[in-house]
Amino acid sequence: MFEARLEESAVLKKILDSVRDLVQEANWDCNDDGIVMQSMDSSHISLVCFMVRASSFEVYQCERNVSLGVKIDSLAKVLKCAASDDSVTLKADENEPNTMDILFESKKNDRISDFQLKLMVIDQEMLGIPESDYTSTVEMSSAEFRRIMGDLSTMGDSVTIEINKGGASFSTKGDIGSGNICLQKSASVDKPKDGVKITMVEPVKSTFSLKFLNIFAKAAALSDTVVLSMSEEYPIRIEFAIDKDVGYVRYYLAPKIEGQES
Amino acid sequence: MGIRGLTKLLADNAARCRSDQELKSFFGRRIAIDASMNIYQFLVAVRQGSDNLTNEAGEITSHLSGLFYRTIKLMEVGVKPCYVFDGKPPKMKSGELQKRIDAKKLAQQEAKKAEETGDVEAFEKYSRRINKVTPEVIQQCKTLLKLMGVPVIEAPCEAEAQCASMCKGGLVYATASEDMDSLTFGTTRLVRRLWSGATATNEKKGIRPMEFNLPIALEELQMDHSTFIDLCMLCGCDYMDSIKGVGPTTALNLMRKHGSIESVFKALRKEGKHVVPEVDLSEIRQLFVKPEVLSNSEINLQWTSPDEAGLIDFLVKQNSFREDTIRSGIKRMLSSRNAASQARLDTFFKKKPTAAKRKVDEDDTVSSKKGKLSHAM
């Protein structure tokens, strides 16, 4: 029997919210390390993956590796029935994962709800993501990231992100005009999460679709900070670490390549 | 048309080669479209009531409307379409073509009869069948596509063969055709019902483009491509009729037993139960193995900006389309061209084989069960 108990359902709710705009259904691979999901959106432009580490669960039992085919919307519906501070327990039969049992218990232990969700057999393409060294990274407040993406969307469809010695700049161009937002390296002493940290081996400049970045930015609910990692003409990685070492949600987005004709 | 019963044969014996796809998943892919088949579909399907759309002179314009809007739809999804037109038909096909001409004549007579007796339903049914893709229609389609900036390829002979050669050479990602013999010609990926993903009603009904993957099909059938060609010929193709009493399943069993169509014919003749046609098998096989096609280096695929003035002149002035709808179509084309610079993620990250492997094991047990069953029969 696979069993995992989280102290608060809120984390799971937020994770679902961060993937549901991109993915309808996906396999949740459960093993000794924790629960992992990886899926591309249907146009194969972006990929989202999350991991919730085994250590972050109150109870985590996984005798055999198992893939649970989850319809994201359905699970989100079930989770709506839980209060944010309810604990949530997921259970499934490792040998025949046809259904997932979902149990909510209130803080005062006076309310227990129990749901069964049907699982699916999903034939899914998995991509091997190389643990590559990115030439430049920016760590910044996730709320700030969300705001920049929102602001630029009023002007254009895509954003050019440039990281160099001076800082990180985000610029866009549209029918009505153009815009540019520039962040400088800074360290905020009292509130470290508001600082902007830049590590740079080589300057880098790439263009990405704002439609996707805005979807990713919603994951700001999971984490105070976000790390953007980039290399020239390579997908950008956008990582939200979930607080208290619970795990992460990562997005990968293929760049727009000008003059590409194929 | 195509290979008799091949779809079902593959569904029964190589289910893993077929998958339903969302139209979106073809984002950024080049797709070679078998033009004549699709134009014919437009003539049949794009209608106002029971009549084709026409311009002021009363000439049919259904094909232009269909081609224009559906191509835009594909471009908006991010597909890069190119259209491949038939050249002259191969000699061996004359029998099949004669049959089609006869069928048209019959439909014409039936339609006339229905009109006289006032049977509206039957009239509609048969009048759809009369449609013929005339050289003028083809010429207009080519003109339209060129104005839209979409590549047009004129195959020296059969369009399916040309598509297959482009697909094999990696010039395009897939062939879009309804014709299963695209696989016989060696198309590695065949997409049927490509358009179905483009309309909202089909999406709701769950009708999606179907992708057939040839390498997987061959792996599942455990045969090489030349044996597969023999199998298709035995099922009955455009160049030779099927043998009475030999359906697809029997054909597959016979091929497995004898290995080549020549040996199958020999065995059948010996048995004497079937009427085996006297045809030149190696000549027909050559049509599939070495069809007359342009080599990939002779083909230049280039998508260019639509010619706005030209389109307005051609569609609005000459063919009575409404100017505002055409202009908004052109706008959609232009904005889809801007989106075309977006790369796909799977060009950077490679697929992991793990998930597929597990599935192979499952399918193996299923197919071996089926194998036993058919032996028992």
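Predicted model: local features only at pLDDT ≥ 70, side-chain atom pairs only at ≥ 80, totals over all residues.
Between domain 1 and domain 2 of chain B, five residue pairs are in polar contact, both partners having pLDDT of 80 or more. On the domain 1 side, the elements of chain B that give two or more residues are helix 4 (94-117), helix 8 (181-184) and helix 10 (214-221). By class, this side of domain 1 of chain B comprises seven nonpolar, two polar and six charged residues.

The domains themselves are assigned as 18-221 together with 307-341 for domain 1 of chain B, and 223-290 for domain 2 of chain B. Their contact draws 15 residues from domain 1 of chain B and 15 residues from domain 2 of chain B. Taken over C-alpha atoms, the centres of these two domains are 31 Å apart. Chain B as a whole holds 17 helices and ten strands, and 48% of its 377 residues count as buried. Of the contacts in chain B between residues at least 6 apart in sequence, 71% link residues at least 24 apart.

Chain A is likewise assigned a domain 1 (2-118) and a domain 2 (136-253). Here the contact involves 18 residues of domain 1 of chain A and 17 residues of domain 2 of chain A, with 28 Å between the domain centres, taken over C-alpha atoms. The two domains of chain A bury about 1600 Å² between them, 66% of it on carbon and sulfur atoms. One salt bridge is counted between domain 1 and domain 2 of chain A. Across this interface of chain A there are also seven residue pairs in polar contact, both residues at pLDDT 80 or more. Helix 1 (9-19) and strand 4 (46-53) of chain A are the elements that give two or more residues to the domain 1 side, and strand 4 provides the largest share, eight residues. That side of domain 1 of chain A consists of ten nonpolar, four polar and four charged residues.

A:Ser186 lies in the loop between strand 14 (178-183) and strand 15 (197-200) of chain A. Because its relative accessibility is 36%, A:Ser186 counts as partly exposed. Leaving aside residues up to four places away in sequence, A:Ser186 touches A:Gly195 and A:Val196. A:Met140 is 46 residues from A:Ser186 in sequence, with 9.8 Å between their C-alpha atoms.

Terms used
Residues numbered from 1 in each chain as written. Chains lettered and ligands numbered in written order. Heavy atoms only, no water. Helix = DSSP H or I, 4+ residues; strand = E, 2+ residues; numbered from the N terminus. Buried < 20%, exposed > 50% of the residue type's maximum accessible area, 1.4 Å probe, protein only. Contact = heavy atoms within 4.5 Å. Domains from an automatic or database assignment. Polar contact = N/O pair within 3.5 Å; in protein donor to acceptor, adjacent residues only side chain to side chain. Nonpolar A, V, L, I, M, F, W, Y, C, P; charged D, E, K, R; others polar. Buried area = accessible area lost by both parts, 1.4 Å probe. Salt bridge = Lys/Arg side-chain N within 4 Å of Asp/Glu carboxyl O.
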